[in-house]
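Here's a quick briefing to read with the model open beside you. Have a look at the fold, then come back for the details.

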Amino acid sequence: MKNKYVAQDRIAMRIADRYGMTREYKIARRHHLTPLEALEDWDLITPEERELFKN
């Protein structure tokens, strides 16, 4: 199955890495959260960054 969130995953991984939370991000993604949902769980995303996830 193709990952329809490839571009969003790249953005989200950079954001999670900034906070040292890439491991937690990957775990959240394995639990079927979207990239945006995974970041929101820990309040890692600013309103400006949230705009990057709008398609």
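Predicted model: local features only at pLDDT ≥ 70, side-chain atom pairs only at ≥ 80, totals over all residues.

Residues are numbered from 1 along each chain as its sequence is written, and side-chain values use heavy atoms, leaving out hydrogens and water.

**Salt bridges**

- The structure has 4 salt bridges, each being a side-chain nitrogen of Lys or Arg within 4 Å of a carboxyl oxygen of Asp or Glu.
- Glutamate 51 is in one of them, pairing with lysine 54 at 3.4 Å, N to O; lysine 54 is exposed, with 56% relative accessible area.
- Aspartate 9 pairs with arginine 29, with 2.9 Å between the closest N and O atoms. That bridge ties distant parts of the chain together, from aspartate 9 in helix H1 to arginine 29 in helix H2, 20 residues apart. Helices here are DSSP runs (H or I, at least four residues), numbered from the N terminus.
- Are the two partners buried or exposed? Aspartate 9 counts as buried at 14% relative accessibility, and arginine 29 is buried too, at 18%.
- Glutamate 49 and arginine 18 form another bridge, their closest N and O atoms 2.5 Å apart. This pair also links distant parts of the chain: glutamate 49 sits in helix H4 (residues 47-50) and arginine 18 in helix H1, 31 residues apart.
- Glutamate 49 is buried at 11% relative accessible area, whereas arginine 18 is partly exposed at 48%.

**How H1 meets H2**

- Helix H1 (residues 6-18) and helix H2 (residues 22-30) have axes that come within 8 Å and cross at roughly 140 degrees. The axes are lines fitted to C-alpha atoms over the stretch in contact, with angles running from 0 to 180 degrees between N-to-C directions.
- That makes H1 oblique to H2, because angles under 35 degrees count as roughly parallel, over 145 as roughly antiparallel, 65 to 115 as roughly perpendicular and the rest as oblique.
- H1 brings Asp9, Ala12, Met13, Ala16 and Asp17 to the contact, and H2 brings Thr22, Tyr25, Lys26 and Arg29. Contact means heavy atoms within 4.5 Å.

**The nonpolar core**

- The largest nonpolar core has 12 residues, including Ile11, Ile15, Met21, Leu44, Ile45 and Phe53. Such a core is a set of buried Ala, Val, Leu, Ile, Met, Phe, Trp, Tyr and Cys residues joined through side-chain atoms within 4.5 Å.
- H1, H2 and H3 are the elements that give two or more residues to this core, and H1 supplies the largest share, 4 residues.
- Tyrosine 25 belongs to the core. Leaving aside neighbours within four places in sequence, tyrosine 25 touches Asp9, Ala12, Met13, Ala16, Pro35, Ala38, Leu39 and Trp42.

**Alanine 38**

- Alanine 38 lies in helix H3 (residues 35-40) and is buried, with a relative accessible area of 0%.
- Beyond neighbours within four places in sequence, alanine 38 is in contact with Tyr25, Ala28 and Leu33.

Key:
Buried < 20%, exposed > 50% of the residue type's maximum accessible area, 1.4 Å probe, protein only.
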